[in-house]
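The following paragraphs lead the reader through a protein structure. Please keep the sequence and the structure in view while reading.

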Amino acid sequence: MYKNILVALDLSNEGEQVIAKALKMQQATQARLHLTHVIEPISYAYGGDIPLDLGDIQQQLQKHSEEKLQKLIEKHALTNSAAAVLVGRPEGEIHRYAEENGIDLVIVGSHGRHGLQLLLGSTANGVLHGAKCDVLAVRISD
């Protein structure tokens, strides 16, 4: 069964539904949970349009995300776990982390979009199509 489960979180309240599913999978398999959150570089959004050093802001975002992941670990009393904040495109960073850490299952939240929204893509869809391991998309109920 699964030995290393990557739980990709957006750190919103909806992440609790994803964690709940991941905890059930962990209980069934005794796998190690890897909680991750991906931050896209601010420069992706703003490019060279802002004449400011965005490095400090990026570091603050990363620190804040690390603290939120740590709080989730404490809240759910996770002992067999790891946490990582990744910087880059979500799909690519999740795939890279999964390969580097021997992940055999990725769990990601999905809003179940249809039509144009699906064609435009979502993180869950991107993770699914590039993964070299199993992917479980947890339907987020609104």
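Two strands are said to pair if DSSP finds at least two bridges between them. Helices (H or I, at least four residues) and strands (E, at least two) are themselves DSSP runs, numbered from the N terminus. The model is a predicted one, in which local features need pLDDT of at least 70 and side-chain atom pairs count only at pLDDT 80 or more, while totals for chains, interfaces and linings use all residues. Residues are numbered from 1 along each chain as its sequence is written, and side-chain values use heavy atoms, with hydrogens and water left out.

Strand β2 (residues 32–39) and β3 run parallel and are joined by seven bridges. Val38 has Leu86 in β3 as its bridge partner. Of the seven residues of strand β3 (residues 81–87), five are buried, so the strand is largely enclosed by the rest of the structure. Here buried means under 20% relative accessible area, exposed over 50%, and partly exposed in between (1.4 Å probe, protein chains only).

Most residues other than glycine have a negative phi. Gln30, in the loop between α1 (15–29) and β2, has a positive phi near 60 degrees. Gln30 is exposed, with a relative accessible area of 62%. Ala77 lies in the loop between α3 (55–75) and β3; its phi is positive, about 50 degrees. With 58% relative accessibility, Ala77 is exposed.

Ser110 belongs to strand β4 (residues 105–110) and is buried at 19% relative accessibility. Leaving aside residues up to four places away in sequence, Ser110 touches Ala124, Ala137, Val138, Arg139 and Ile140, where contact means heavy atoms within 4.5 Å.
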